[in-house]
Amino acid sequence: MNRRLENLRMTGKLVVIAVGMFAFGYALVPIYRAICEVTGINILALGEKQVPGKSRVDPVNTQVDTSRTITVEFDTNVRGPWHFKPAVRSMEVHPGQLATVMYEFQNVQNRTMAAQAIPSYAPRQAANYFNKLECFCFNQYTLAPGERREWPVAFVIDPKLPKDVKTITLSYTFFEVGSSTPAAPTAAMPAVTGGSS
């Protein structure tokens with residue numbers, strides 16, 4: 001009986017401690033905001049308020065290298081009877097700049113199919129500097145007969161890309177899942193032009 005009473009007391013204490021910890025954690029956010037507001041320690045917490053000593057200007061992405069322009073060409077290949085193409089054949093971007101291109105796909109067969117894309121790059125060294133933030137190549141897709149879809153590819157070219165690379169070709173091969181997976185295509189066209197700057 002004595003042990004049961006001790007267990008109940010311990011359980012009660014643990015419940016009180018757990019509730020107290022939850023309440024304290026819940027109260028931390030407004031306490032933190034109030035402290036930052038009063039002291040000005042976390043200037044980012046000011047949000048839309050004007051930062052002391054600064055004019056009201058939208059932030060600029062300092063990672064973008066506006067002194068260079070890279071031409072990105074978009075190429076598509078299909079292994080099967082369907083339509084697959086980029087909305088634009090090329091675009092010019094600065095290293096560090098976020099860019100998006102849309103791709104259109106249509107299953108022109110009279111049956112449902114599952115498919116996936118494999119990317120490749122030219123020159124090959126560009127693969128290390130071509131960072132895709134969103135890409136349909138990460139997933140497999142099932143499309144009904146005649147179904148049409150559009151998918152974005154959002155990417156950033158690393159500013160550390162060698163200076164002699166002026167053009168990058170992003171190529172996708174779209175193939176049906178379940179069939180033999182094709183090897184990634186090799187680019188036939190030279191994509192490195194110009195000299196080092």
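Author: In the largest nonpolar core, which has 32 residues, those that touch the most other members are Y103, F136, V153, F155, I157, Y172 and F174. A nonpolar core here is a set of buried Ala, Val, Leu, Ile, Met, Phe, Trp, Tyr and Cys residues joined through side-chain atoms within 4.5 Å. Two or more residues of this core come from each of β1, β2, β3 (90–93), β4, β5 (113–122), β7 (141–143), β8 (148–157) and β9 (167–176). Strands (E, at least two residues) are DSSP runs, numbered from the N terminus.

Reader: On what basis are these values given?

Author: This is a predicted model, in which local features need pLDDT of at least 70 and side-chain atom pairs count only at pLDDT 80 or more, while totals for chains, interfaces and linings use all residues. Residues are numbered from 1 along each chain as its sequence is written, and side-chain values use heavy atoms, with hydrogens and water left out.

Reader: What is the order of the strands in the open sheet?

Author: Two strands pair if DSSP finds at least two bridges between them. The open sheet of four strands has the order β2-β4-β8-β6, with antiparallel pairing. Its edge strands, β2 and β6 (130–134), each pair on one side only. Between β2 and β4 (residues 98–107) there are five bridges, and K85 stands opposite E104 in β4. Nine bridges join β4 to β8, with L98 opposite V156 in β8.

Reader: Which residues are in contact with T76, leaving aside its neighbours within four places in sequence?

Author: Contact means heavy atoms within 4.5 Å. For T76, the residues are F84, K85, P86, R89, Y103 and Y172. T76 lies in strand β1 (residues 70–79) and is buried, with a relative accessible area of 15%.

Reader: Which cysteines form a disulfide?

Author: A disulfide is a covalent bond between the sulfur atoms of two cysteines; the criterion used is a pair of cysteine sulfur atoms within 2.5 Å. The structure holds one disulfide, formed by C135 and C137 with their sulfur atoms 2.4 Å apart. The link is right-handed, with 135° about the S-S bond, and both C135 and C137 are buried.

Definitions and conventions. Buried means under 20% relative accessible area, exposed over 50%, partly exposed in between (1.4 Å probe, protein chains only).
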